[in-house]
Amino acid sequence: MLSAIKFKSFDGKVLDGKIQLPKGEIKGAFLMLHGCPSYMDEYGFYSNAVSKLYPNGGMAEFLASNSYASLRFNYREQGKDVIPDTMEDLTISGMINDTEAAYWELTRKLSNSDIPIYVIATSFAGGIAVKWVNVFHRDIKKIFFACPLVDLSYTLLKRDVIFFDGEEWHIHDKYISEMKERGYIISGGKKVNSAFANEAMLINVENEFSLLKCKSIIFHGDIDTFVPISQSRRIAKLFSDVTLIEYADAGHGFVAPWDKGLPEEVRLKIRAKNTNDIYAKILENI
């Protein structure tokens, strides 16, 4: 059973979501956190129509067919047709509070408090998920990460917004000027204001993973050019409770990169093969 929902975050921001409940017994429930900028269906990864490529649909449909509920939602200022210029109120703290609100919305939809809750976090939501669990001390059974950006400062570093002078980090003068003039800059498809930039520097990835009390599994393509797999490899090497599953010749979103010169039909088949494998592995590791 699929239901569209609306709920409020901490500061009153109204969020759109969908909750998918299986028929009969609920074995567990998943909180699905999308990347940024993105939307609740995560471009078909979290929800998709049944087809030859996706015989069980997307992740939400697959989980429901195996007796697992899920809640997916749009983070603030985000949706299917979002553009950077409309992301007026985007902050990391806001997204963390959105996650907390979604968690409580999910628990209210479950039949009892003993149902285990899992998290799936994609791309930018990787760092959000870890920080949220630790800040609010949520009892999460396991976290599954998909091509996660666990170091949120990378969204600024990759685009040369920030630099390290040997002692401390700084924003380049040209971006400081732009931020003062317009109130924001555009980085990685996101409207980055001063609050967002400051918050991106405050999450210590290694410290956050050391505080986690649940096991986690990372799925990552080994030629991801948006979020380097080196981040995931480092975390998996440092922490025994983290398992890394790599996908060969896969980029961000587990698809073959454009520069491979493959026909679009082939690229879609590769993505479907990888994502269907992820669905199966999630079920195996619950």
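Student: What should I know about the model before we start?
Tutor: It is a predicted model, so local features need pLDDT of at least 70 and side-chain atom pairs count only at pLDDT 80 or more, while totals for chains, interfaces and linings use all residues. Residues are numbered from 1 along each chain as its sequence is written, and side-chain values use heavy atoms, with hydrogens and water left out.

Student: How many disulfides are there?
Tutor: A disulfide is a pair of cysteine sulfur atoms within 2.5 Å. The sulfur of C36 has its closest cysteine sulfur in C147, 14 Å away, and that is too far for a bond. C147 is likewise in no disulfide. The count is therefore 0.

Student: Is C36 buried or exposed?
Tutor: Buried means under 20% relative accessible area, exposed over 50%, and partly exposed in between (1.4 Å probe, protein chains only). C36 has a relative accessible area of 9%. By that rule, C36 is buried.

Student: What does I92 touch?
Tutor: Contact means heavy atoms within 4.5 Å. Residues up to four places away in sequence are not counted here. The residues that I92 touches are F124, I128, L152, F196, E199, A200 and I203.

Student: Which residues make the nonpolar surface patch?
Tutor: Patches are made of residues with over 30% relative accessible area and no salt bridge; like charges are joined within 9 Å, and nonpolar side chains (Val, Leu, Ile, Met, Phe, Trp, Tyr) within 5 Å. One member, M201, is partly exposed at 33% relative accessible area and is found in the loop between α6 (194-200) and α7 (205-211). Accessible areas come from the Shrake-Rupley method with a 1.4 Å probe, and for residues only the protein chains shown count as cover. The patch, about 380 Å², is made by L157, F164, W169 and M201.

Student: Is the peptide bond from C36 to P37 cis or trans?
Tutor: Most peptide bonds are trans. P37 lies in the loop between β3 (28-33) and α1 (59-65). With omega near 0°, the bond from C36 to P37 is cis.

Student: What is the phi of E42?
Tutor: Most residues other than glycine have a negative phi. E42 lies in the loop between β3 and α1, and E42 is buried at 10% relative accessible area. Although E42 is not a glycine, its phi is positive, at about 50°.

Student: Where is S67, which also has a positive phi?
Tutor: The phi of S67 is about 75°, although S67 is not a glycine. At 19% relative accessibility, S67 counts as buried. Its place is in the loop between α1 and β4 (68-73).

Student: Which residues does S70 touch?
Tutor: S70 lies in strand β4 and counts as buried, at 0% relative accessibility. Leaving out residues up to four places away in sequence, S70 touches K18, I19, Q20, F30, M32 and A60.

Student: How many residues apart in sequence are the parts that K13 and D89 tie together?
Tutor: A salt bridge is a side-chain nitrogen of Lys or Arg within 4 Å of a carboxyl oxygen of Asp or Glu. K13 and D89 meet in one (3.6 Å, N to O). K13 lies in the loop between β1 (2-8) and β2 (14-20) and D89 in the loop between β4 and α2, so the parts they tie together are 76 residues apart.

Student: Where do K281 and D277 lie?
Tutor: Their side chains meet in a salt bridge (2.8 Å, N to O). The two are 4 residues apart, about one turn of the helix, and both lie in helix α9 (residues 264-284).
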